[in-house]
Amino acid sequence: MKITEIKLYRDQVRQHRGEGRTFRRIAILARRLADRLTHRKPDVRLSEVRAGAHVVDGTRPGPDGVEIFTDEGVTGSAVNYGGGAFACGVIEQHFRRFLIGQDAFNIELLWEQMYRSTMPYGLGGVTAMAMSGVDLALWDLMGNALGQPVYPLLDGQTKESIPCYATTHPDLVSHWRDSGFLGVKIAAPWGTADGRAGLLKMHKCLENCRGAIGNNMELMFDCYLSWGIEFASRMAERARECDVKWYEDPLQNGWAEHMNAELRTRINPIQVAIGNLDYDVKAFCAILAARSCDVIQPEIQWCGGLAAVRRIAAMAKHYDVPVIPHGAGVYNYHFVQSNLNSPFAEYLSVGDGTKVRPILEAIVGEPRWLPG
Ligand SMILES: [Mg+2]
């Protein structure tokens with residue numbers, strides 16, 4: 001089954017109000033989607049990118065649509081919120097030339113070709129995001145061709161259902177108490193820049209959150225790279241009182257694996273969760289080899305797609321580090337279902353942060369977590 005065409009869509013991916021029906025595959029219904037999309041001009045030139053408007057678009061997170069066509073009429077689609085116009089440019093101006101004519105089932109080979117061909121200007125970032133879009137569309141295509149959901153094509157079913165934690169705002173955690181979610185994660189409102197006052201405010205925030213959710217749920221918080229090792233270490237004794245499960249991204253990323261390894265030893269038993277702001281599979285290798293995390297969190301739409309996260313998971317397994325993908329949505333659910341070493345998933349509380357809603361509404365039939 002040969003790839004004959006790749007179409008890219010951006011900016012016009014409207015939020016389809018599909019309620020969470022049972023899904024059979026990574027199910028972007030391209031035909032229906034196409035009605036809501038404007039076919040992106042295939043010839044965005046560098047001069048246009050430099051001109052301004054496309055730069056703004058390029059830094060916007062999307063979502064973008066990728067649709068792959070074959071000579072047997074089977075198509076695959078993905079909605080990706082990484083890379084914007086720049087990722088579309090990589091696909092259109094570079095990947096396209098060697099994807100056309102290839103066997104659409106050879107995902108591992110095609111992924112490796114994309115990876116190696118972008119080494120001079122890639123190794124993460126926009127190129128990894130572009131690879132994610134192609135990879136996810138190819139998995140969708142394979143599911144369509146075989147009439148199968150994607151998780152059996154990965155490694156099959158590993159659990160009856162997928163437990164989730166909810167990411168929300170500190171002021172909203174009470175909405176999630178006794179909701180069936182295993183825990184809540186909040187964004188830390190204060191960090192190193194706030195000094196001692198920040199420590200005290202952060203402590204109060206954690207106490208309030210723990211009080212709001214009671215003792216039956218886990219409590220995690222995301223530091224968004226804004227804590228130094230001193231702030232994180234001094235916060236630990238306060239966080240332990242509140243039975244915090246993990247710090248997420250406490251330190252600057254990028255060559256920080258040894259600092260995170262040092263922090264792990266200081267804040268025990270609080271865990272270190274990192275990875276969603278790394279984009280190249282080799283960065284995950286370095287993180288794991290340095291024993292710098294307890295939980296690793298690749299973002300499937302940013303790090304190269306399912307082929308990439310499977311490589312990361314294969315490494316993580318032997319360090320006994322669970323893989324909890326960043327964010328939420330169908331791509332994460334299919335991976336978590338198929339990966340034994342992914343005991344639960346994140347649910348990102350989009351909208352007003354108090355209810356379960358579809359994450360990528362352009363995807364028809366996104367499964368939603370339902371109590372009971
Ligand atoms: Mg995060």
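Start with helix H5 against helix H6. On the H5 side, the contact residues are Ile107, Leu110, Trp111, Met114 and Tyr115. They meet Met131, Val134, Asp135, Leu138 and Trp139 of H6. By class, this contact splits into 9 nonpolar residues, no polar ones and 1 charged. This is a predicted model, so keep that in mind throughout.

Now the geometry. Two packed helices are described by the angle between their axes and the distance between the axes. H5 covers residues 107-117, and H6 covers residues 126-146. Their axes lie 11 Å apart, at an angle of about 170°. Over 145° counts as roughly antiparallel, so H5 is roughly antiparallel to H6.

H6 has a contact with helix H4 too. H4 runs over residues 84-99. Here the axes come within 9 Å, and the crossing is at roughly 60°. That makes H4 oblique to H6. The crossing is right-handed. From H4, the contact takes Phe86, Ala87, Val90, Ile91, Phe95 and Leu99. From H6, it takes Val126, Thr127, Met129, Ala130, Gly133 and Val134. The class count is 10 nonpolar, 2 polar and no charged residues. Note Val134. That residue of H6 is in the contact with H4, and it is also in the contact with H5.

Next pair: H9 and H10. H9 is residues 229-241, and H10 is residues 257-267. The axes come within 9 Å and cross at roughly 20°. Under 35° counts as roughly parallel, so H9 is roughly parallel to H10. This crossing is right-handed. H9 brings Ile229, Ala232, Ser233 and Ala236. H10 brings Met259, Glu262, Leu263, Arg266 and Ile267. What is the class make-up of the contact of H9 with H10? There are 6 nonpolar, 1 polar and 2 charged residues.

Asp243 is in the loop between H9 and strand E7, which is residues 244-248. Its phi is near 55°, a positive value in a residue other than glycine. Pro269 is in the loop between H10 and strand E8. The peptide bond from Asn268 to Pro269 is cis, with omega near 5°.

That takes us to the sheet. Strands of a sheet pair through backbone hydrogen bonds, either parallel or antiparallel.

Last, confidence. The chain averages a pLDDT of 84, and 83% of the residues score at least 70. Which elements have the lowest and the highest mean pLDDT? Helix H2, residues 46-51, has the lowest, at 26. Strand E9, residues 295-296, has the highest, at 98. Over residues 12-61 the pLDDT is below 50. Even so, beyond near neighbours in sequence, that stretch has 99 contacts in the model. Treat those with care. Where pLDDT is low, the predicted coordinates should not be read in detail.

Terms used: Residues numbered from 1 in each chain as written. Predicted model: local features only at pLDDT ≥ 70, side-chain atom pairs only at ≥ 80, totals over all residues. Axes fitted to C-alpha atoms, helices over the stretch in contact; angles between N-to-C directions. Helix = DSSP H or I, 4+ residues; strand = E, 2+ residues; numbered from the N terminus. Parallel < 35°, antiparallel > 145°, perpendicular 65-115°, else oblique. Left-handed = near helix turned anticlockwise from the far one by under 90°. Contact = placed C-beta atoms within 7 Å. Nonpolar A, V, L, I, M, F, W, Y, C, P; charged D, E, K, R; others polar. pLDDT = per-residue confidence, 0-100.
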